[in-house]
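Please look through the sequence and the structure below before reading on.

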Amino acid sequence: MTEHPSRRRILECMGWAGTGLVWSVGGGVLSSVSLDRAMAAPKSAVTPFTFLQVSDSHIGFAKDPNPDARATFREAVAKIKAMPAKPAFILHTGDITQLSKDQEFDDADQILKEAGLPVFHVPGEHDMLDEGTGAAYLARYGKGTLGDGWYSFDHGGVHFVGLVNVRELQGGGMGHLGQAQIDWLTKDLAGRSSSTPIVVFTHIPMWTVYADWGWGTDDSAQALGLLRRFGSVTVLNGHIHQVLQKVEGHIAFHTARSTAFPQPAPGQASSPGPLKVPAGELRNVLGVRTLTVTLGSQPLTLVDAALAV
Amino acid sequence: MQQMLHRRAALCAFTAVAAIALGAAAPAPTALVKIGNFTFAPQVLTVSPGTTVTWDNEDDTPHTVVANDKSFRSKAMDTDERYSMTFTKPGTYDYFCSLHPHMTAKIVVKAP
């Protein structure tokens with residue numbers, strides 16, 4: 001005879017499920033979700049992994065406060081090599097070089113190679129200074145990209161989108177995506193399930209951090225509109241050489257530190273030039289970011305580590 | 001006859017001197033725009049046609065000079081680097097820095 005649990009017993013089990021937690025480990029970072037939620041969640045198409053964001057290496061920069069941007073970039077890569085759990089890849093959110101010189105691009109590539117990981121780039125405005133205003137960048141990193149160098153790829157169930165918002169900037173303007181890129185983005189996202197986690201990476205912030213210094217993207221509204229239906233969107237930017245974040249519904253924006261020099265907080269200086277800090281302070285304000293993807297519906301976990309750590 | 005020759009010689013000499021005086025060009029006008037603290041100074045520079053304008057980057061960050069109408073575009077100027085452009089046609093030339101597009105200014109070219 002089959003045993004039927006008593007009604008009381010059923011309720012006891014349900015009570016336990018409500019308070020239970022499932023711990024999972026992805027890339028060495030613990031994260032939790034309640035048991036009933038885990039049991040209710042559809043089988044996730046996301047496999048946990050970590051990846052990195054580095055930004056604004058400005059190879060070629062050699063002024064106050066950093067006499068050698070190559071050296072601090074090397075330190076950042078050494079940190080990456082020393083990570084106990086190997087990340088899947090690196091995103092570089094632009095201003096790879098200071099002046100788009102061949103030697104600067106070469107050195108940046110050589111230093112990054114030491115990490116032994118795939119690297120996905122998007123350009124910064126400092127990478128558009130060659131004779132062909134961006135031709136040098138595309139010659140190196142344009143394979144598989146469209147237009148000014150935009151592209152997308154998938155990893156572990158997450159959809160990554162690299163956008164270019166630093167080409168053909170207009171006087172008085174800020175970052176700019178252009179209609180061709182937005183049209184491409186529309187097609188790229190069409191038909192994807194809204195439960196697909198999306199990571200967008202581009203140089204200039206996609207929200208207006210500070211218009212007076214051009215810290216924003218003047219036509220990002222349309223792009224953000226396309227992203228709104230997705231359950232988890234992470235926008236990773238560089239350009240401002242400091243960590244700032246903003247959350248709008250399911251969209252989390254994060255700007256990153258540079259590996260070359262810091263910049264002042266919005267409006268805290270007369271201009272957004274390099275912020276001079278004492279030599280002993282420099283490595284506290286430069287850094288690398290580790291991002292961890294766990295379950296699809298959870299926001300990514302971010303850890304910003306200063307070079308000094 | 002000799003008087004006529006003298007007069008002609010004097011006339012020739014005078015003409016020659018006059019020609020040399022007129023032919024010797026006045027030095028071409030120049031003007032300077034200083035770039036510092038993410039600003040072009042002066043923000044509005046008025047010059048006569050034929051003026052060579054030089055931009056001098058005194059900032060601790062590179063800048064460029066790009067005309068809104070694309071009529072001129074400098075290479076990136078690092079600190080203490082310069083760029084020059086000779087303006088011959090009258091008009092207003094709005095320009096900006098392509099690295100920092102919020103930096104805008106203009107050159108006004110008009111006959112004195």
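In what order do the 5 strands of the open sheet in chain A lie? In this predicted model, the order is β5-β4-β3-β12-β13 in chain A, and the pairing is mixed. The edges of the sheet are formed by β5 (119-121) and β13 (301-306) of chain A; each has a single partner strand, so one side of each is left without a neighbour in the sheet. On average, neighbouring strands of this sheet are turned by 25° against each other, direction ignored.

One residue pair to look for here is Ile90(A), whose bridge partner in β5(A) is Val119(A).

Next comes helix α7 of chain A, residues 220-227. Its buried residues are Ser220(A), Ala223(A) and Leu227(A). These cover an arc of only 65° around the axis, which puts them on the same side of α7(A). An α-helix has 3.6 residues a turn, so residues three or four places apart point the same way. On the other side of α7(A), Ala221(A) and Gly225(A) are exposed. The cover over the buried residues of α7(A) includes helix α6 (179-189) of chain A, together with the strands β8 (198-201), β9 (233-237) and β11 (251-255) of chain A.

The last topic is the contact between the chains. Chain A contributes 20 residues to this contact, and chain B contributes 18 residues. The side of chain A that touches chain B has 7 nonpolar, 9 polar and 4 charged residues.

Terms used: Residues numbered from 1 in each chain as written. Chains lettered and ligands numbered in written order. Predicted model: local features only at pLDDT ≥ 70, side-chain atom pairs only at ≥ 80, totals over all residues. Pairing = 2+ DSSP bridges. Helix = DSSP H or I, 4+ residues; strand = E, 2+ residues; numbered from the N terminus. Axes fitted to C-alpha atoms, helices over the stretch in contact; angles between N-to-C directions. Contact = placed C-beta atoms within 7 Å. Nonpolar A, V, L, I, M, F, W, Y, C, P; charged D, E, K, R; others polar. Buried ≥ 20, exposed ≤ 12 C-beta atoms within 10 Å, placed from the backbone. Arc of directions from axis to C-beta.
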